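Here is a short report for a reader meeting this structure for the first time. Start with the view below, then read on.

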Amino acid sequence: MKKHDMINKNMVNQVNRERNALALSRSPFCVHLFYSLQSKSSVYLVMEYLIGGDLKSLLSMYGFFEESMATFYTSEVVLALEYLHSHSIVHRDIKPDNMLLTAEGHVKLTDFGLSRISIHRGTVCIIVIYFGILFQLYQYNLEIISIHCFIHFFVLYMCI
């Protein structure tokens, strides 16, 4: 990515968030970041290559998923979210476009540009921590609700 374009499109924070979230993530259900590099004019994120396409393309090819297939993909996304949430990372952009497939057909989450990473420090006021936890729980619950919506979407896609 060209630095000039990132600045013009106001994407500097988004790229930084994506790099930080990917650097912290070691889940088998999230895309792996191997290196992040920069030159005078560009920023490079060297990530795992996933040849299987995305879940949205697969869903449009099949029309809908059988229950076993929907269960398989949903469970892998739930495992990814469980890992991220346990490491205080909220993805905040859960959609089939951001679920890539490996050559073996497993799901990996990508596009962490909107993610939120919570780092707790010992000197923060208790009230701030309390509201921070409530807000974070709210965001976690939204991601769980979106998974519930995907289950229905995966199975009922052709019926709509």
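Two residues are in contact when heavy atoms of theirs lie within 4.5 Å. Keep that in mind for the first stop. Note also that this is a predicted model.

**A buried serine**

Start at S27. S27 sits in the loop that runs between α2 (12–24) and β1 (33–38). Is S27 buried or exposed? Its relative accessibility is 2%, so S27 counts as buried, the cut-off being under 20%. Which residues does S27 touch, once neighbours within four places in sequence are set aside? They are H32, A80 and Y83. A polar atom of the S27 side chain lies 3.0 Å from the backbone nitrogen of F29.

**The nonpolar core**

Next comes the largest nonpolar core, which has 25 residues. L55, F65, Y73, L84 and L109 have the most contacts inside this core. Several elements supply at least two core residues each: α2, α3 (55–62), α4 (67–86), β4 (99–101) and β5 (107–109). Helix α4 gives the largest share, with eight residues.

**Salt bridges**

How many salt bridges does a search of the whole structure find? The count is three.

| Pair | N to O distance |
|---|---|
| K108 and E48 | 2.9 Å |
| D97 and K56 | 3.7 Å |
| D93 and K95 | 3.9 Å |

Take K108 and E48, whose side chains meet in a salt bridge. This pair links distant parts of the chain, 60 residues apart. K108 is in strand β5, while E48 is in the loop between β2 (43–47) and α3. K108 counts as buried, at 8% relative accessibility.

Now take D97 and K56, joined by a salt bridge of 3.7 Å. How accessible are the two partners? D97 is partly exposed, with a relative accessible area of 31%. K56 is also partly exposed, at 44% relative accessibility.

D93 has a relative accessible area of 15% and is buried. K95, at 33% relative accessibility, counts as partly exposed.

Notes. Residues are numbered from 1 along each chain as its sequence is written. This is a predicted model: local features need pLDDT of at least 70, side-chain atom pairs count only at pLDDT 80 or more; totals for chains, interfaces and linings use all residues. Side-chain values use heavy atoms; hydrogens and water are left out. Helices (H or I, at least four residues) and strands (E, at least two) are DSSP runs, numbered from the N terminus. Buried means under 20% relative accessible area, exposed over 50%, partly exposed in between (1.4 Å probe, protein chains only). A polar contact is a pair of N or O atoms within 3.5 Å; within protein, one must be able to donate a hydrogen and the other to accept it, and residues adjacent in sequence count only if both atoms are side-chain atoms. A nonpolar core is a set of buried Ala, Val, Leu, Ile, Met, Phe, Trp, Tyr and Cys residues joined through side-chain atoms within 4.5 Å. A salt bridge is a side-chain nitrogen of Lys or Arg within 4 Å of a carboxyl oxygen of Asp or Glu.
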